[in-house]
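Subject: Structure for your review

Dear colleague,

Please find below the structure that I am handing over to you. I would be grateful if you would look through it with the notes that follow.

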Amino acid sequence: MYIFKAAVVGAGAMGAEIAQVISWSGLPVVLKDVDQAMLDRGMERIRGIYQRRVDRGRMTRDEMEQKMALITPTLTYDGFGDVDLVVEAVPEKMDLKKRVFAELDRATPSTAILASNTSALSITEMAAATSRPQRVVGLHFFYPAAVMKLVEVIAGRETSEETLDTAVEFVESLRKLPVRVKECPGFLVNRILLAAMMQVIHFQHETGAPYEEVDAVVKEKAGAPMGPFTLADTLGLDVVLDVCKTLETLGPRFAAPAHFENMIKEGKLGVKSGQGFYTYTK
Ligand SMILES: NC(=O)c1ccc[n+]([C@@H]2O[C@H](COP(=O)([O-])OP(=O)(O)OC[C@H]3O[C@@H](n4cnc5c(N)ncnc54)[C@H](O)[C@@H]3O)[C@@H](O)[C@H]2O)c1
């Protein structure tokens, strides 16, 4: 199945960048949110990504405007009537995701593929909110989606081979690297990443080692692009906790320490709130 037009639901950190990636590949994409301010911020984020490419001489201003013109921001499902594939990127709450999937089931052609960017929730459960579970799949992009190459393609219990093949080809058409994984808590990457991140957070708390030092050691010795405290701040501590809660069923290695949960209660969410493990100024 060829994808001629796509849509993204949720214009936050992930949704906006996924829409940017789709437009970069030359496809028209509708970007929907429920909040005008978030939609505006999402469009600004996309323009910022393109503007940096213009500044570095990687594209012209005209090319940037052509790519921007491929993206239609909206607060309604107008424009979803002829899409071939939708990526849902609303917050990591199952009830909300199921509601959005039920809405998408009504708003899109019955042939359209409905994908979720969930970090850890069940694709099968979301698919059950639709009349087309064979066309529901996980497409898990990583932050920042404009840069990160890997995309997990997750099969729910009823996802058809045809849907998986189309999803893999779609990811490749975005110049990304698809990895097919079976549905399981945390899929592949988060299962490894979050167990390791929680161990480091426990270790730092027990030893009082400075965040900078731990980050520097992990970067240098493990070859990671950034240390775990910078990563948690970048992802959002609340997002990390949501995923850990889902993974806790696998064992205590995913349990977040009490001080981590307290930071979230105090509004220390990382870069987005200006304070996490580190302090951020505009
Ligand atoms: N942040 C990350 O690093 C990261 C990485 C990979 C995957 N994810 C996953 O991507 C999804 C989105 O995460 P995020 O960090 O972009 O969240 P976010 O909070 O930055 O953005 C979510 C957006 O969804 C919008 N929204 C809420 N309800 C909606 C609805 N009913 N319809 C349309 N839009 C709605 C919000 O207004 C907001 O703009 C989550 O499932 C998350 O687990 C996040």
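The shell around the ligand draws residues from both domain 1 (6-182) and domain 2 (190-273), so the ligand lies between the two domains. Please bear in mind throughout that this is a predicted model.

The domains

The domain assignment divides the protein into domain 1 (6-182) and domain 2 (190-273). Their centres, taken over C-alpha atoms, are 26 Å apart. Where the domains touch, domain 1 provides five residues and domain 2 provides eight residues. On the domain 1 side of this contact there are three nonpolar residues, one polar residue and one charged residue.

The ligand

Which residues come nearest to the ligand? Of the 26 residues around it, they are Gly10, Gly12, Met14, Met38 and Tyr143. Two elements give two or more residues to this shell, namely helix H1 (13-24) and helix H4 (94-107). The largest share comes from H1, with three residues. Sorted by class, the shell holds 15 nonpolar, seven polar and four charged residues.

Two backbone details

Tyr143, already named among the residues that come nearest to the ligand, is joined to Pro144 by a cis peptide bond, with omega near -5°. Pro144 belongs to the loop between strand S6 (136-141) and strand S7 (150-155). Arg175 sits in the loop that runs between helix H6 (161-173) and strand S8 (177-182).

Helix packing

Two packed helices are described by the angle between their axes and the distance between the axes.

Helix H2 (residues 36-55) packs against helix H3 (residues 61-69) at an angle of about 160°, and their axes are 9 Å apart. Angles over 145 degrees count as roughly antiparallel, which is why H2 is described as roughly antiparallel to H3. The crossing of this pair is right-handed. H2 contributes Arg47, Tyr50, Gln51 and Val54 to the contact, while H3 contributes Arg61, Met64, Lys67 and Met68. Of these residues, four are nonpolar, one is polar and three are charged.

Helix H7 (residues 189-207) and helix H10 (residues 237-247) meet at an angle of about 105°, with 11 Å between their axes. The two helices are therefore roughly perpendicular to each other. Asn190, Leu194 and Met198 of H7 face Val243, Cys244 and Leu247 of H10 in this contact. Five of the contact residues are nonpolar, one is polar and none is charged.

H10 also packs against helix H11 (residues 258-265), where the axes come within 10 Å and cross at roughly 130°. H10 is therefore oblique to H11. How is this crossing handed, left or right? H10 passes H11 in a left-handed crossing. The contact is formed by Leu237, Asp238 and Leu241 from H10, together with Phe260, Glu261, Met263 and Ile264 from H11. By class, this contact has five nonpolar residues, no polar residues and two charged residues.

With kind regards

Key
Residues numbered from 1 in each chain as written. Predicted model: local features only at pLDDT ≥ 70, side-chain atom pairs only at ≥ 80, totals over all residues. Near = placed C-beta within 6 Å. Helix = DSSP H or I, 4+ residues; strand = E, 2+ residues; numbered from the N terminus. Nonpolar A, V, L, I, M, F, W, Y, C, P; charged D, E, K, R; others polar. Domains from an automatic or database assignment. Contact = placed C-beta atoms within 7 Å. Axes fitted to C-alpha atoms, helices over the stretch in contact; angles between N-to-C directions. Parallel < 35°, antiparallel > 145°, perpendicular 65-115°, else oblique. Left-handed = near helix turned anticlockwise from the far one by under 90°.
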